[in-house]
Amino acid sequence: MEKKIIHALKTGSDPFSMLRPKEYAGTKQDPHMVPSITDKRIVGCICEEDNTAVVWFWLHQGEAQRCPSCGSHYKLVPHELPH
Amino acid sequence: MARQAHAYHMVDPSPWPLTGAVAALLMTSGLAVWFHFNSTVLMTMGLALLLLTMYQWWRDIIREGTFQGHHTPPVQKGLRYGMILFITSEVFFFLGFFWAFYHSSLAPTPELGGCWPPTGIIPLDPFEVPLLNTAVLLASGVTVTWAHHSIMERERKQTIQALTLTILLGFYFTALQAMEYYEAPFTIADGVYGSTFFVATGFHGLHVIIGSTFLAVCLLRQIQYHFTSEHHFGFEAAAWYWHFVDVVWLFLYVSIYWWGS
């Protein structure tokens, strides 16, 4: 019944990560919104375009965290999987 | 949580790849046994296993996609890539036989009389049955496109009519070719002309039969309401394959039947 689920969510949300992630500025006012089905998710920040060293860190629920390298803000957005 | 967070299909374990591999083993070794020991038992067992594997594997895919809904957009995209790559590999398969034909026909050896068609070969008149065959396949290309548009426009009756007509045209082509094969004044053993003619057109005929079978399965599925106006990839794959078969015939006709006569 995956198809029903996917069609039901052409309402705008994308719980199955089928579309490209939205662009955010990464500032305190406009942090990267990171969807998650648990209370933490690994984030890999490519600080500058074409960087070959990806900065990995756990993003926890709650206040926005900053990338240890470039300082962009990331905020976890927990959501329920449809079922 | 009970479900996956992605839209891909993690397939359940299945025995059909194994049975398919065993079938391939039995058919190939069975072929060797037939050649050397005059027994077709092994080969027939392999063929039976192959047919069972194909039926059950594809039946399972239909169950997973149409009945269980696992063929999400990304999954369907993968299936499309797969079909395109498969047809591409078949194009290369035929390219080999065209290479062989042109190799022999562009510079005919003295043994053939230095000419093409070789001395003694009476080629088929390209403007008789072969031309009819060309018309039949081109018409079937039109009817399969008609069927596709009917599916998308939710015209159930027209879809069934168009698909049936396509399959009948396919059978008509096969019947005409079979008659041509029977009545031809040359055989596969008649030098390189016979070899290139019958191997190239023979494999093409086999592909016509495969394509007709694929379309027939689509017809059965259409009658049983498997296809929707938005999601009917099985049909699209069959239609792509059918167009490929048609295009191969056009090249065969122009190269072997027409230029080669």
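Biologist: How many residue pairs are in polar contact across the interface of domain 1 and domain 2 of chain B?

Modeller: General idea: a polar contact is a pair of N or O atoms within 3.5 Å; within protein, one must be able to donate a hydrogen and the other to accept it, and residues adjacent in sequence count only if both atoms are side-chain atoms. In this structure, the rule finds three residue pairs between domain 1 of chain B and domain 2 of chain B, both residues at pLDDT 80 or more. Some ground rules: this is a predicted model, where local features need pLDDT of at least 70, side-chain atom pairs count only at pLDDT 80 or more, and totals for chains, interfaces and linings use all residues. Residues are numbered from 1 along each chain as its sequence is written, chains are lettered from A and ligands numbered from 1 in the order in which they are written, and side-chain values use heavy atoms, with hydrogens and water left out.

Biologist: What kinds of residues does domain 1 of chain B turn towards domain 2 of chain B?

Modeller: The classes go like this: Ala, Val, Leu, Ile, Met, Phe, Trp, Tyr, Cys and Pro count as nonpolar, Asp, Glu, Lys and Arg as charged, and the others, Gly among them, as polar. On that scheme, the side of domain 1 of chain B touching domain 2 of chain B has four nonpolar, four polar and no charged residues. As for salt bridges (a side-chain nitrogen of Lys or Arg within 4 Å of a carboxyl oxygen of Asp or Glu), the count between these two domains is zero.

Biologist: Where does chain B get divided?

Modeller: Domain bounds come from an automatic or database domain assignment. Here, domain 1 is 1–70 and domain 2 is 72–258. Their centres, taken over C-alpha atoms, are 25 Å apart. Contact means heavy atoms within 4.5 Å, and this one takes eight residues from domain 1 of chain B and five from domain 2 of chain B.

Biologist: And what area is buried between domain 1 and domain 2 of chain B?

Modeller: Buried area is the accessible area (1.4 Å probe) that two parts lose on being put together, summed over both. For these two domains that's about 580 Å², with 67% from carbon and sulfur atoms. On the domain 1 side, A7(B), I62(B) and T66(B) supply 54% of the area buried against domain 2 of chain B, more than any other three residues.

Biologist: How many residues does the contact take from chain A and from chain B?

Modeller: Read it the same way: 12 residues from chain A and 16 from chain B. The two chains bury about 1200 Å² between them, 63% of it on carbon and sulfur atoms. The rules find zero salt bridges and zero residue pairs in polar contact (both at pLDDT 80 or more) there. On its side, chain A brings eight nonpolar, two polar and two charged residues.

Biologist: Which elements make up chain A, from the N terminus on?

Modeller: Helices (H or I, at least four residues) and strands (E, at least two) are DSSP runs, numbered from the N terminus. Chain A has one helix and five strands, running α-β-β-β-β-β. Its C-alpha atoms fill a box of roughly 40 × 30 × 20 Å along the principal axes.

Biologist: Which residues does G30(B) contact, leaving aside neighbours within four places in sequence?

Modeller: L25(B), S39(B), L42(B) and M43(B). G30(B) lies in helix α1 (residues 16–37) of chain B and is buried, with a relative accessible area of 0%. S150(B), in helix α4 of chain B, is buried at 3%; beyond four places in sequence, S150(B) touches E155(B), Q158(B) and T159(B).

Biologist: Last one: which peptide bond is cis, with omega near 0 degrees?

Modeller: The one from W116(B) to P117(B). P117(B) is in the loop between α3 (73–106) and α4 (129–152) of chain B.

Definitions and conventions. Buried < 20%, exposed > 50% of the residue type's maximum accessible area, 1.4 Å probe, protein only.
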